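Student: Please take a close look at a single part of this model. Keep it brisk, and give the cut-offs as you go.

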Amino acid sequence: MTTPVRTRLAVLAAIGALNAAAIAQPDLVGGDVNPTVVERLAAPYLSDDERAELRLFHGMWTADDLRTPADNARAALVLGRYDHPALRDAEADVSDRAEAALKRGEPERTLELLTQSRTIRGARLQAEALFMLGRHDEAVEAVQPVVEAFSARRVESAADIAEGVRALMVRARVLGSELGDGGDYKAMLALLAHARDDLDRLDWRPRLAEAVLLYERHNRAEANAALSEVLALNPRCAEALAMRGRLAVDGFNFDAMNAIVFELDRLASSATLIEGGAPIGSAEARLIEAHAWLRQRNAIETRLTLSPVLTRHPDHREALALDAAASAVGARFGDAQTTLDRLEQLSPGSPIGPLTVGRALAEARQYDLAPAYLERAADRLPNDSTAPMELGLMELQAGRDADAIGHLTHATTLDPFNARANNSLTLALEVTTYARVETPHFIVRHAPGIDAVFAADMPGPLEALYARVTGDAPGGIDHEPAHKTFIDVLPDHQHFAVRITGMPELWTIAASTGPIIAMEAPRPGPNKKTGPYDWARVLQHEFTHTVTLSRSNNRIPHWMTEGMSVYLEDRPRDERTWRLLAQAYSQNRLFDLRDINIAFVRPKQPADRSLAYAQGEWLIEYVNERFGPEAPREILDEVGKGASDMQAFEAVLEEPVEDFLAAFRAWAREDLIRVGMRVPEGVPTYEQLCARDGVSPSEAAGDASHLDAWLDEFADHPEVLEARVGLAIAGAGRVPDASVVPELERLARVIPVASTPHRLLSRVFLSSDDPEDHARAIPHLAFLDEREQSTPAFAAELSRLYEQAGDTAAAHRYAERVVMIAPYDADGRERAARTAILAGELLDARRHLAALVALEPDRARHQQRLDAMDAMIERAAGG
């Protein structure tokens, strides 16, 4: 394959050698233009008209190239401007007009335009229009001339093969695989490979058809690769870009989705079209955004996003289906049914409405409501694998594995190349072989082998977190799920991602579907998203999702479930998060109850998603403190009845949301002052002090006289004190010693959430030759450990120090903390076993010795020690 040119400037320079007007194009999407295309455009034998035609074909036209309504229509179709006036002009190609009508949701108009068409493209568009109308048998009939043309080997051009394969895809949706064992799919791929590799290597249309075919089979990686090739040959192809946007939403990659939506809007607002050129934005971009909002269970934003699409295209079937799904997710089932009825009038027998609603309800954890819709969709298109696959995925998330396996087996029988169904079925069958560890409230499933070591540690911490999360202490949900929660410990990231999404990529390491919590085993190794981590903290967070979903009938708003889950981790907020909140407060960027949900999907700034998590927890803390622990629970009950979060807040807290947020901001200011993240009222900031005294911040930071004078004037000024401590450390050669201890201890008192003084004090005390100084490091190491999630280093040192001090109980407690983070580490197990024996916790010692036998089976010493421990326990039991 030809290596693409990697920079936009290089591409534009090459084109500019041909036509200086092309240099100024502002709306070329990508810089990866295939250099062979550039060479083709530069061919000296081309006439000006031929060169203009090629620029139009490859999406690299200039305004001067669009000389006729037909040219303008072709460009508008490529850009996704389906309602551009040129695409209704009688002088435009009839197939272009018919395709635009189909994209606008006007299949009847498509059929009217193509009554005289005898082309392969016309047959494809007729089949797609009939399929959209729910006239499935007629769609199959429309493809019959294409089947006959392929059989007679009369389809010779790359373009016709691409169109013909897309027509065959419609037929396959209705009839299923006719050749058996996925032969139809393999035949279509072979046809496209012939068109792509043998007939015309620079025609982007076979690659686009290939991407559509791969996307339908959920082969994301290869679909994305095909789309890259399309955009290298036609950088303005909105259809390819839109499919990339859908891939991003499918993979929960909302940052990539946002970038693609921006590009689609830019293309649709292109100024290179000769009439009707006012910027209007992309309908396809709005559909992608709506899918993203729906995946986040945000019914209000979904419907708001769809509103301009349905205003312009009131019969757009996908937009109507998404609107019905949003109503259902928002518990407005009457509105959902009204929209479904309208879809039924427009396209009787089409599966799009029930399929979209069922899929959305399944993702919204409405496991009892979704099956009826998905089964209806399956009945309407019985040979298509999509609805059975969605039923199988839903049953997997609901913990009904036997039903899931049945549906997924059916889906893979219908389509052996459905990657998502195959992935999920393989894992579902694998999970049936997993070992189980059952507690009063959980069932842990893990692969046979080394993960049994970790599973043996889980029962005690799991039951402790169950009591905390379901209890009625502040922050507790005061609610118990109806059934035991399954926890699936997956051996690597691919297993985990397939368990949650059906595909082998996902950005997180643990997730709750309600009845199921899936997690990566906390150990290093190949195909791992992470190594060791504080799994009990992670599971306490995820189980909070399970319980809040249960209490709210799976309708809790995104920000609230995240806020309550972070709050119930029962760990102090770290310094980075405090500074993020302080900055947002100072810049007046704290969210309201609408924008905080938007920030998870459409962050305006890079830190917005992290800020949404942090502020969500802060809001929950405030509600608990001001209104009492029962208030958040009552809010869950209200949203469970169908209220929005804002309606629920006003009903429970008995004040308008605006007043609630104003009071929260006032409380937040005092909270920031309390932890040294903001100076009190009437005290100037560091920058204000610099401005008052005519010195720059950098100059003041290096001048002890200024800093000391300000501290005399404003004792314990946090910003000034930080600068003064930094200067003192610099004076000590950046290696802290005993001389800076008073300043560091003062800073730790003034900014009690800052980690730096604790890190430096730990270093000073541990490097001392005086053993008594070592003990002084303990509170500082404990501060750091309490906030640590991925390394057991602090806990290991604390265990050593406590053992050295003769406090065996504390030594054992921190040794258990080491194992909590790194359960597969043999050295940590050795320490935990030893401290357990010293503390008289023989059963804990036995668990760690048994783990060592599994972790290091070649060391006979471990089994000998385990046997000795069993004898010791037996003697102790015998009294």
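Tutor: Start with angles: under 35 degrees counts as roughly parallel, over 145 as roughly antiparallel, 65 to 115 as roughly perpendicular, and the rest as oblique. The model is predicted, so local features need pLDDT of at least 70 and side-chain atom pairs 80 or more, while totals for chains, interfaces and linings use all residues. Numbering runs from 1 along each chain, and side-chain values use heavy atoms, without hydrogens and water.

Take helix α28 (residues 558-567) and helix α31 (residues 608-627). Helices are DSSP runs of H or I, at least four residues, numbered from the N terminus. The two axes come within 7 Å and cross at roughly 75 degrees; axes are lines fitted to C-alpha atoms over the stretch in contact, with angles from 0 to 180 degrees between N-to-C directions. α28 and α31 are therefore roughly perpendicular.

α28 brings Trp559, Met560, Glu562, Gly563, Met564, Val566 and Tyr567 to the contact (heavy atoms within 4.5 Å). α31 answers with Tyr613, Gly616, Glu617, Leu619, Ile620, Glu621 and Asn624. By class, that contact has eight nonpolar, three polar and three charged residues. Here Ala, Val, Leu, Ile, Met, Phe, Trp, Tyr, Cys and Pro are nonpolar, Asp, Glu, Lys and Arg charged, and the others, Gly among them, polar.

Now the cavities: sets of 1 Å grid points where a 1.4 Å probe fits but cannot get out. The whole structure has two of 30 Å³ or more. α28, α31 and α32 (630-640) each give two or more residues to it. By class, this lining has five nonpolar, three polar and one charged residues.

Note on methods: 1 Å grid on protein atoms, 1.4 Å probe; cavity = no way out; pocket = protein on both sides within 12 Å on 5 of 7 lines; lining within 4 Å. Points joined across faces, edges and corners; volume = space filled by probe spheres on them.
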